Amino acid sequence: MVVRPPREIGLIIAFVGAFLLSFDTLLLRMIGGDPLQIAFWRGVLMFVSGLFTSRTAKRIANMDLRMVNGPAGLVVAACYGLASVCFVTSALLTSVANMLVIVATAPLWAAIGSALLLQEATPARTWIASIFSFAGIILVMWPGLTQSLNTGDIIAFGAAVSMATAFVISRRSSENLALAPATGGLLSALTLVLFIPKLTFTDSYQYVIMALEGAILIPLALGLIAMAPRFLPAPQVGLFLLLETVLGPLWIWTILGEEPTRYALSGGALVILTLLAHSILSLGARPRPS
């Protein structure tokens, strides 16, 4: 059996998690309806899926995979829950372009948090990759960007900082926090239940896609992303999240026929090439002595 080094494991986990997460936007568009209603059910289903995974892992593999794994797990879960609420709320109060560009700054805040809290130096290649990736995201969203900031932009900033905080704390903890996003889903659902107009969907197909989205795709994608900081620096994990912004429009184009702009194609190519180059350089770099 070939034992892969931790850095390679982390890159694989982060990539697979981000790749799966890139289908999130497509499924949300297919569900349709009220965003708060979708966010509520996604949180509920994530929690149910997490409970099932925890019980199954204990019964079959005798693995102690906890929903809340120590104080760090609770804080990380709260960060994921807050990020979910901020993401949905900001989508209602500002343009999607503004929101996605602001959320895309998460790797930058993760790098700053790692430097301040973990005394973990961020390699120059990660800073450079962050700058190029951010430039690509701005290019993707350029046609829809507005000039003025509003409340929704500030809330989107809260989503970016919450995600970055989750990555940094996960990096600091030695615990397995794969189910922290599922617990965060419960926290977000409890928050949103007071604001959703109704619980039921109009069409039966919405329940099917919602189950796929909330019980399978999102728990698996965020679970892998939550595990990645055990093997990779927090800023590098944050970079992989940009794949959702880049690949999401491509899946919508393929399935729903909504053709992306030339800005989206050019910016997406820049982000993907940047992440590819950064991953190759990271695999070739020697670990820093501790």
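Helices here are DSSP runs of H or I with at least four residues, numbered from the N terminus. With that convention, Pro123 falls in the loop between helix 6 (106–117) and helix 7 (124–141). The model is a predicted one.

Start with the overall fold. The protein has 13 helices and zero strands. Read along the sequence, the pattern is α-α-α-α-α-α-α-α-α-α-α-α-α. The radius of gyration is 18 Å, close to the 19 Å that the globule rule gives for 290 residues, so the protein is as compact as a globular protein of that length. Along the principal axes, the C-alpha atoms fill a box of roughly 55 × 50 × 35 Å.

Next, consider how the chain packs. Of the 290 residues, 48% are buried. Among contacts with a separation of 6 or more, 88% join residues 24 or more positions apart. The accessible surface comes to about 14,200 Å². Carbon and sulfur atoms account for 70% of that surface.

Now the charges. The protein carries 16 positive and 12 negative side chains. The centres of the two sets lie 12 Å apart.

Glu213 sits in helix 10, which spans residues 204–227. Is Glu213 buried or exposed? Its relative accessible area is 0%, so Glu213 is buried, the cut-off being under 20%. What does Glu213 touch, leaving aside residues up to four places away in sequence? The list is Asp24, Leu27, Leu28, Ile31, Arg42, Ile218 and Pro219.

The cysteines come next. A disulfide is a covalent bond between the sulfur atoms of two cysteines. How many disulfides does a search of the whole structure find? The count is zero. Cys79 is in no disulfide, and the nearest cysteine sulfur, that of Cys86, is 10 Å away. Cys79 is buried, with a relative accessible area of 10%. Cys86 is buried too, at 12%.

Leu116 has its place in helix 6. Is Leu116 buried or exposed? Leu116 has a relative accessible area of 61%, so it counts as exposed, the threshold being over 50%. Ala72 lies 44 residues from Leu116 in sequence. Their C-alpha atoms are 17 Å apart in space.

Pro123, in the loop between helix 6 and helix 7, is buried instead, with a relative accessible area of 13%.

Definitions and conventions
Residues are numbered from 1 along each chain as its sequence is written. This is a predicted model: local features need pLDDT of at least 70, side-chain atom pairs count only at pLDDT 80 or more; totals for chains, interfaces and linings use all residues. Side-chain values use heavy atoms; hydrogens and water are left out. Helices (H or I, at least four residues) and strands (E, at least two) are DSSP runs, numbered from the N terminus. The radius of gyration is taken over C-alpha atoms; the globule rule is 2.2 Å times the number of residues to the power 0.38. Buried means under 20% relative accessible area, exposed over 50%, partly exposed in between (1.4 Å probe, protein chains only). Contact means heavy atoms within 4.5 Å. Accessible areas come from the Shrake-Rupley method with a 1.4 Å probe; for residues, only the protein chains shown count as cover. Lys and Arg count as positive and Asp and Glu as negative; His and the chain ends are not counted. The place of a charge is taken as NZ of Lys, CZ of Arg, CG of Asp or CD of Glu. A disulfide is a pair of cysteine sulfur atoms within 2.5 Å.
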